[in-house]
Amino acid sequence: MNTAYQIVVCAGIVPDPLQTLEPVTGPSGPALKNEMMLPSVLDPWAGHALYEAANLARNCPGSKVWLVSLSPKVKLQQVMMTVAQKAPFELVPLDGPSSGFAEAAEVAAALAQAIEAIAGLDKSRLLVFGGWESASRGAGATMQMVGERLGIVDQFQGVDELKLHPDGSLEIAERIEGGRHQISRCAGLPALLGWATGNLPEPKNNPQTGMANMRGAIPALQKAKPVKLAGDGLSFASVALPKQLRETKIVRNAAPEDIAKEIVAWIKS
Amino acid sequence: METILVLAHTESDGSIAKSAREALHVAAALRKSIADSQLVVGLIGESVQAAANSIAACPAVKYYGVAGAAFAQPRYATDAAAAEALCKAAQATVMVAPATSRWSRVAPGVAQRLGGRVDTHATGVAVADGKISVNRWYYRQRIEASLQRATRPWFILVDVGAQPACECGAGAAVVEPVAVPIAEALTRTTVLGIRQPATDTQTIRPEADLLFVAGAGWTKKQPDGQTHTAEAGKLILDFLNATRASLGSSKSLVDLGGEGQAVLPFLSHLNQIGQTGATPRHAKGLSACCHGEEPHTVGWRFINQRRAISLDPNCGWARGKADVLYVADAFKVLAKVNELMATR
């Protein structure tokens with residue numbers, strides 16, 4: 001049977017987690033202070049989705065990976081300098097905001113439209129991957145909406161494992177409550193998977209892969225379609241950093257026995 | 001006028017979970033605060049009558065149910081079809097559901113089908129000047145926002161544990177059945193079962209009062225110049241067994257396994273809290289050998305009482321984030337804690 005997959009990975013970019021974030025109010029609503037100056041990385045869970053896609057494509061001859069991203073193209077190009085070295089893919093960039101305050105439904109509409117426009121896409125061979133939540137909006141909503149727009153009703157979220165069976169079916173482990181996994185079997189493609197961490201380590205940088213990817217990525221970035229997100233019907237009453245700072249009591253030079261007694265009393269209180 | 005629909009799924013025994021009652025509490029409060037609004041309940045499951053009866057005393061004016069064997073499975077296609085049918089039957093404008101894995105998987109897709117919008121991980125829902133406001137966090141619990149929407153229908157998924165549970169009592173509820181045709185395309189996915197760690201390694205306990213956060217320090221060289229990973233693992237497991245605490249870990253500790261270093265064998269990415277992990281809700285949190293920003297800011301965001309054990313009195317992430325910082329050797333302290341717990 002045909003084991004070549006067309007894998008589309010949806011991935012945004014987010015500020016480097018080590019950066020201090022400060023919200024500001026811009027002309028189009030809330031934003032991050034100096035947002036365009038903050039160093040960015042590929043959204044972590046979407047990154048895992050990309051690594052899983054690359055691994056799948058490597059093991060299934062004839063498969064291909066596309067990376068669809070709605071991000072400011074200048075920032076995306078910077079992120080691609082690193083990410084492009086991780087795995088072979090074709091970049092499908094959309095030039096627009098990557099803000100966490102953007103409306104998920106509008107982002108989904110843009111992503112779905114971009115996926116539909118991929119030349120030669122065969123939905124009967126299609127796997128749509130993405131992160132189950134972003135590190136920006138953290139809604140866990142965009143991928144489902146993309147799937148709905150593409151007519152995919154076999155959807156899985158919080159995926160940590162995908163097994164492909166010889167009969168074309170897929171076995172998927174999704175995170176559920178209490179550190180458990182729900183195991184499902186899907187009869188076949190198309191399917192949409194919102195990945196959690198998965199099981200693969202981050203691939204090492206491969207400059208040759210990077211150069212090959214960037215040969216296609218740079219022209220694609222230059223031609224990236226601009227996308228405006230209106231945020232219709234959505235208004236923010238407040239956007240603020242948490243102000244809570246605790247008065248920490250520092251206990252020094254106490255014997256372990258005394259600390260243990262205090263901790264036990266606290267646990268039991 | 002708002003028609004507020006509470007969406008709930010039944011558990012395997014036909015009951016509804018505490019998280020569904022939390023969503024019901026939110027919805028009932030909204031109904032009380034918005035003039036001319038009404039509350040309705042929509043249930044999904046193999047059988048929904050017992051679940052409806054268990055909350056019959058709530059202020060809902062109507063109960064709708066989608067029942068059948070196909071709806072026992074938490075599966076996107078059938079859950080989405082059922083939820084869509086319930087929303088249409090109730091002509092709901094606002095849907096409130098708990099942010100369980102089942103509803104989180106399906107609610108955004110249903111919102112898309114109905115031309116609505118969805119907000120997930122709501123930590124607070126209130127009404128001001130007749131408008132509903134939802135509080136939620138952005139950038140992994142770093143920025144908090146309050147938002148309002150003009151678009152309807154509006155799905156609101158309430159974070160589990162963020163709200164009190166509705167204590168409405170039982171009775172006899174009249175459930176109006178809503179038919180959902182099961183086309184072949186809806187059952188291409190079959191749920192095979194649940195995979196869970198062995199009982200002795202099940203360290204994630206969402207209902208626990210205490211979260212214990214283990215940092216990478218447990219696997220580092222100790223004062224004798226050696227690592228004591230096996231001893232650390234035993235101390236931690238004994239502590240978890242004695243206290244029935246849930247175990248969280250820093251990303252660095254989980255990642256050590258992928259780098260070929262000795263690690264605590266019962267830890268996985270599912271234990272990870274912080275930026276790319278969970279932000280669990282527990283009444284108390286105790287961290288040990290943990291110096292990272294993530295566990296103490298992002299991972300601890302919803303922990304009420306926080307204490308830390310660290311050898312570094314200037315640990316910038318414990319100071320200001322924890323209520324008490326014990327400057328001590330966590331190996332010694334935990335051993336003593338375990339001794340005390342065993343004798344009580």
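I note that the model is predicted. The buried residues I listed are B:Y76, B:A77, B:T78, B:D79, B:A80, B:A81, B:A82, B:A83, B:L86, B:C87 and B:A90.

I then checked the length of the helix. α3 of chain B covers residues 76–90 and reaches 21 Å from its first C-alpha to its last, close to the 21 Å expected at 1.5 Å a residue. I looked at what comes after α3(B) and found B:Q91, whose phi is positive, near 50°.

Next I turned to the domains. The domain assignment of chain B gives domain 1 as 3–187 and domain 2 as 199–343. I recorded 35 Å between the centres of these two domains, taken over C-alpha atoms. Their contact takes 5 residues from domain 1 of chain B and 5 residues from domain 2 of chain B. On the domain 1 side of that contact I found 1 nonpolar, 2 polar and 2 charged residues.

I then examined the contact between the chains, which takes 73 residues from chain B and 69 residues from chain A. Among the elements of chain B that each supply at least two residues to this side are α3, α4 (101–113), β11 (189–195) and α8 (330–343). By class, I recorded 35 nonpolar, 22 polar and 16 charged residues on the side of chain B that touches chain A.

Last, I followed the strands across the two chains. Strand β11 of chain A (residues 180–186) is joined to β11(B) by 6 bridges, and the two run antiparallel. For A:H181, I found the bridge partner in β11(B) to be B:R195.

Methods. Residues numbered from 1 in each chain as written. Chains lettered and ligands numbered in written order. Predicted model: local features only at pLDDT ≥ 70, side-chain atom pairs only at ≥ 80, totals over all residues. Helix = DSSP H or I, 4+ residues; strand = E, 2+ residues; numbered from the N terminus. Expected span 1.5 Å × (residues − 1). Buried ≥ 20, exposed ≤ 12 C-beta atoms within 10 Å, placed from the backbone. Domains from an automatic or database assignment. Contact = placed C-beta atoms within 7 Å. Nonpolar A, V, L, I, M, F, W, Y, C, P; charged D, E, K, R; others polar. Pairing = 2+ DSSP bridges.
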